[in-house]
Amino acid sequence: MRNSDDDPPIITLSAGPVDAYPAVLRALSRPVTYDFDPSFQQFYESTVRKTAKALRTALPPVILQGEPVLGLEAAAAALIGADDVVLNLASGVYGKGFGSWAARHCRELVEIEVPYDDAIDPQAVSDMLEARPDIRILSVCHLDTPSGTVNPVREIGAVCRAHDVLSIVDAVSSFGGMDVHPEDAGADIFVTSPSKCLGGSTGLCILHVSERAWAKIDANPAAPTGSVLSLKDWRDAWRSDVLFPFTPSVSEVHGLEAAVQNYLDEGPERVWARHALTARACRAGIRAMGLDLWPAREAICADTATTVRVPAGLEDGAIRQEARRRYGVVFSAGRGPLMGKLVRIGHMGPVARPIYATVAVTALGGAIAALGGSADVGAGVEAALAVIDLAE
């Protein structure tokens, strides 16, 4: 019996949000306590310290009560002053989109933009900073999920440090599934979320803020306070002896703690390895079916999302609908100018396991074949399994 539009999906292989781990779902169902009860305040402090451990930094992160867009907009509002020149790196829809937030606050916005199937060259960043020594802040998206492409943030971060430029890194869809951390990337503000690779819920975002960034924020008269966008209001809220600026989402904090603990218990290196293996197997299956990956070269393909070009003569919505109806599998659409050009397959959290690569290949290839397109599903599954078996 096939899925109808009213039936819930059997398997969600989206680029986020993703299904939460069972431990997270159990944590979300815990009793909601008074936020100023000492037990919750101590739990909140413990959760922030645990999250800092996962981020591999000694600095307590800021937890904002909203999805990651809140964190990205808050980072721009706090760090960027009216006299600043900002360099925005646009290699995809989300990277380009950050420029709209930066432009609200800065004196001038400068961009390096590449086609949305490519990645930023660190040498181009270095050249721009040499040509424009007045640039003080850089923003970059590590993994632009609408493209499935990855930027070399470690190398870009090193360039920023060499030019004394502060950096904002969007790691929403990569942290917890790939080897990326704020200090490794030289990030002054590092924004991520529990709702992607950590397999958590959708209502929080996590921001690492460096000491350099805090000094800049403190000196910025326009940095918000008394606002949902305020980083300053939440700076010390992690301490159990400091009052919250407003009510935190108690249940979401329970979920965050469970997601981070789950990640630390499994071991980050093991988590990254299964994300990477799932993606490799999926890419091998896609190619073996005769389909094309969206990124210009495999070296910039993400470990947490695979993007596939829509075959000529087919429509992306029809492919996704057929995969859902026929197999109960959900994929993501493109975003912005990439809408209609590609289908996105997520490998995040609970579904970042190699068996789901074969599910993705089967559902995508089967849907394309059912719609009259060309896809050798058998060859795709064999190729995916060969990658998995080789890793054993």
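How close do the axes of helix α3 and helix α4 come, and at what angle do they cross? The axes of α3 (residues 68–79) and α4 (residues 93–105) come within 8 Å and cross at roughly 30°. This is a predicted model, in which local features need pLDDT of at least 70 and side-chain atom pairs count only at pLDDT 80 or more, while totals for chains, interfaces and linings use all residues. Residues are numbered from 1 along each chain as its sequence is written, and side-chain values use heavy atoms, with hydrogens and water left out. Helices (H or I, at least four residues) and strands (E, at least two) are DSSP runs numbered from the N terminus.

- Two packed helices are described by the angle between their axes and the distance between the axes.
- Axes are lines fitted to C-alpha atoms, for helices over the stretch in contact, and angles run from 0 to 180 degrees between N-to-C directions.
- α3 and α4 are therefore roughly parallel to each other (angles under 35 degrees).
- Val69, Leu72, Glu73, Ala76 and Ala77 of α3 make the contact with Phe98, Trp101, Ala102, Arg104 and His105 of α4 (contact: heavy atoms within 4.5 Å).

**Sheet β11-β14-β13**

- An open sheet is formed by 3 strands in the order β11-β14-β13, with antiparallel pairing (two strands pair if DSSP finds at least two bridges between them).
- β11 and β13 (332–333) are the edge strands, each pairing on one side only.
- Over 5 bridges, β11 pairs with β14 (residues 342–346) in the antiparallel sense.
- Threonine 306 has isoleucine 345 in β14 as its bridge partner.
- Helix α9 lies across β11 and β14 and runs at about 10° to β11.

**Threonine 304**

- Threonine 304 is found in the loop between α9 (268–288) and β11 (305–309).
- Threonine 304 counts as buried because its relative accessibility is 0% (buried: under 20% relative accessible area, 1.4 Å probe, protein chains only).
- A polar atom of the threonine 304 side chain lies 2.9 Å from the backbone oxygen of serine 173.
- Leaving aside neighbours within four places in sequence, the contacts of threonine 304 include Leu143, Cys197, His275 and Ile345.

**Valine 359**

- Valine 359 lies in helix α11 (residues 355–370).
- With a relative accessible area of 21%, valine 359 is partly exposed (between the buried limit of 20% and the exposed limit of 50%).
- Not counting residues up to four places away in sequence, valine 359 touches Ile11, Leu13 and Val329.
- Valine 359 and arginine 335 are 24 residues apart in sequence and 23 Å apart in space, C-alpha to C-alpha.

Note on methods. Polar contact = N/O pair within 3.5 Å; in protein donor to acceptor, adjacent residues only side chain to side chain. Parallel < 35°, antiparallel > 145°, perpendicular 65-115°, else oblique.
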